[in-house]
Amino acid sequence: QVQFVESGGGLVQPGGSLRLSCAASGFTFRRYNMNWHRQVPGKERELVATITTGGGSSNYADSVKGRFTISRDNAKNMVYLQMNSLKPEDTAVYYCNAPTLRGYWGQGTQVTVSS
């Protein structure tokens, strides 16, 4: 069964850092591009970052460029999101997914940026 388990979220002050992790299983991880999304209640889900199968290329939403870094370890079936210089507007539930593997989402991990 395809599964994504996100972890690493928490409460952090503005300017702080967190590293999110996503453990993937149930498919051939190295053959799929991976994404991170985030969602705030009442707002549309936002694509935050993408990474290609081998980790050779990545892209970011304008709102996080220069602050977030996506990476992956295909030997461990893991994808990561390093989040630096966090802002209150980064507060959201963060999810990972394989964009071409439809309909599979984990429970997400909550990131709260607040004083």
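This is a predicted model: local features need pLDDT of at least 70, side-chain atom pairs count only at pLDDT 80 or more; totals for chains, interfaces and linings use all residues.
Let me begin with two neighbouring entries in the strand list, β9 and β10, which pair in the antiparallel sense over 3 bridges, where two strands count as paired if DSSP finds at least two bridges between them, and where strands (E, at least two residues) and helices (H or I, at least four) are DSSP runs numbered from the N terminus. Residues are numbered from 1 along each chain as its sequence is written, and side-chain values use heavy atoms, with hydrogens and water left out.

On its other pairing, β9 meets strand β4, residues 34-39, in the antiparallel sense over 5 bridges, with Val 93 in β9 as the bridge partner of Gln 39. Strand β10, for its part, also pairs with strand β2, residues 10-12, this time in the parallel sense and over 3 bridges, and here Val 12 has Val 113 in β10 as its bridge partner.

How buried is β9? Of its 6 residues, 6 are buried, so the strand is largely enclosed by the rest of the structure; buried means under 20% relative accessible area, exposed over 50%, and partly exposed in between, with a 1.4 Å probe and protein chains only.

Which cysteines does the disulfide join? Cys 22 is joined to Cys 96, with an S to S distance of 1.8 Å, and the count comes to 1 disulfide under the rule that the two cysteine sulfur atoms lie within 2.5 Å. This pair links distant parts of the chain, since Cys 22 is in strand β3 (residues 18-25) and Cys 96 is in strand β9 (residues 92-97), 74 residues apart. The torsion about the S-S bond is about 55 degrees, so the disulfide is right-handed. Cys 22 counts as buried at 0% relative accessibility, and Cys 96 is buried with a relative accessible area of 0%.

Turning to the aromatic rings, the structure holds 4 aromatic pairs, where rings of Phe, Tyr and Trp (its six-membered ring) pair if their centres lie within 6.5 Å, and planes under 30 degrees apart count as stacked, over 60 as edge-to-face and the rest as tilted. One of them is the edge-to-face pair of Tyr 95 and Trp 105, at 6.1 Å centre to centre and 90 degrees between the planes. Tyr 95 lies in strand β9 and Trp 105 in the loop between β9 and β10, so the pair ties together parts that are 10 residues apart in sequence. Tyr 95 is buried, at 17% relative accessible area, whereas Trp 105 is partly exposed, at 34%.

Elsewhere, ring pairs link Phe 4, Phe 27, Phe 29 and Tyr 32 into a cluster. Arg 72 lies over the face of Phe 29, at 4.4 Å from the ring centre, a charge being over a ring if NZ of Lys or CZ of Arg is within 6 Å of the ring centre and within 35 degrees of the ring normal.
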